[in-house]
Amino acid sequence: MHYLDNSATTRVCPEAAEAALQAMTVCFGNPSSTHTVGREAKKLLDSSRASVAGALGCQPHDLVFTSCGSESDNWALLAGAEYGRRKGRHIISSEAEHDAVRRSLDLLEERGYEVTKLKPDRSGAVPPDAVRRALREDTVLVSLMLVNNETGAVTDLPAVSALLREAGSPALLHTDAVQAFLKIPFSPKSLGADLISISGHKVHAPKGIGALYIRSGLRLKPFVCGGGQEEGRRAGTEATSQIAAFAAACDAALPKLAENAEKMRRQREEIIRRLQADIPVLQVLGGGAPHILSLSLPGWRSEVLMNFLEAREVYVSKSSACKKGGRSHVLSAMGLDARTIDGALRIGLCRFTDDSDIDALCCGLRDACRSLAHR
């Protein structure tokens, strides 16, 4: 099997699987229990939080565990907007955001907020100057994805943060960094962000675990109400097995972060070089991050190409897995024509991608175009 859909989800790494098993079968107590078994679980929870926070570059107390990146996005936007409601009801985001952000913005509009959705440039990134032009005195929240989940385009969040400071804006800055975490170097300090969403299953941890970085001193209303877990910020018994696995995945990836990024960058360039030589009509759509490659073969249908590749056990996607077959709103926002969008494929690399995967993809797409051209 040649799995190249790592932007949709990743295979759980051995370290994370072992950590989850240990947490489920050995250190299985409730972290809120005061007896020995509970205290051991609390110790595991604390050490896991420190590992994930260390990978993100923040203090452990600034990190709250959630069920996924979507929950982190929902919480950041809905609570972030409410936090600034006395100062204004204007929000800046973009047309290229993940649906977790887009649907949250829809809900905020229903509640009376005004949302300015900026167009991405041809790479899929949002230009900081566009934010500058859209900024108003009543802007209370800016939410922009760090690495676009479909094109890999990288938005210059430090520049956005700087212009907010220069303007004296009270707006909170949130970024969905799900596709950036442990792929490109960043930290809350380097970005200047108040809120950062990350997710485990994009970095070889299990599904069902994410986190939200909340700048120290920023008190958001809880998104899930109940008990006093997560220092009263998110109710519900902590998912210690997923949290431990998330931490183990971070610990496994962090030492070779730069090395793995460089390897994926070279693989991405190799795919482009080989496919452009074999398929002259091929177009590279945007990009920037080392692990995501969006390309198009105008004139061919994405679904047909995917089926051809799947028959060879090569797995890619046409856009975000959350779209469930719908046309990409990201590529549409970039101004691409329907023929280009309908021939688009997304290739997601990871630290486990090897030369055989690259060869299978390139040979498969070459043979697909030759075979389908004669039909």
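**Spaces and helix packing**

Biologist: What space lies in the second largest pocket?

Modeller: About 200 Å³ of space lies there. Please keep in mind that this is a predicted model, where local features need pLDDT of at least 70, side-chain atom pairs count only at pLDDT 80 or more, and totals for chains, interfaces and linings use all residues. Residues are numbered from 1 along each chain as its sequence is written, and side-chain values use heavy atoms, with hydrogens and water left out.

Biologist: How should I picture a pocket?

Modeller: Rolling a probe the size of a water molecule over the atoms shows where empty space is left. On a 1 Å grid over the protein atoms alone, a pocket is an open set of points with protein on both sides within 12 Å along at least five of seven lines, whereas a cavity is a set where a 1.4 Å probe fits but cannot get out. Lining residues have an atom within 4 Å of a point. Points are joined across faces, edges and corners, and the volume is the space filled by probe spheres set on them.

Biologist: Which residues line the second largest pocket?

Modeller: Among them are Met-1, His-2, Tyr-3, His-204, Cys-350 and Asp-357. The lining has four nonpolar, five polar and two charged residues (Ala, Val, Leu, Ile, Met, Phe, Trp, Tyr, Cys and Pro count as nonpolar, Asp, Glu, Lys and Arg as charged, the others, Gly among them, as polar).

Biologist: How many cavities of 30 Å³ or more does the search find?

Modeller: The whole structure has three. The largest cavity holds about 100 Å³ of space, and its lining includes Phe-181, His-204, Lys-256, Cys-350 and Arg-351. Helix α9 (residues 257-278) gives the most to that lining, with three residues. By class, seven of the lining residues are nonpolar, two polar and three charged.

Biologist: Now the helices: what angle do α1 and α8 make?

Modeller: Helices here are DSSP runs of H or I with at least four residues, numbered from the N terminus. Axes are lines fitted to C-alpha atoms over the stretch in contact, and angles run from 0 to 180 degrees between N-to-C directions. Helix α1 (residues 14-25) packs on α8 (residues 240-253) at about 150°, with axes 7 Å apart, so the two are roughly antiparallel (over 145 degrees; under 35 is roughly parallel, 65 to 115 roughly perpendicular, the rest oblique). Contact means heavy atoms within 4.5 Å. Ala-16, Ala-20 and Met-24 are among the α1 residues that meet α8, whose partners include Ala-244, Ala-248 and Ala-252.

Biologist: Where does α2 come in, and at what angle does it cross α8?

Modeller: The axes of α2 (residues 36-56) and α8 come within 8 Å and cross at roughly 40°, which means α2 is oblique to α8. Leu-44, Val-52 and Ala-55 are among the α2 residues in this contact, with Ile-243 and Phe-246 among those of α8.

Biologist: What about α3 and α4?

Modeller: Helix α3 (residues 69-83) and α4 (residues 99-110) pack at about 30°, with axes 9 Å apart, and are therefore roughly parallel. Leu-77 and Leu-78 of α3 take part in the contact, as do Val-101 and Leu-105 of α4, among others.
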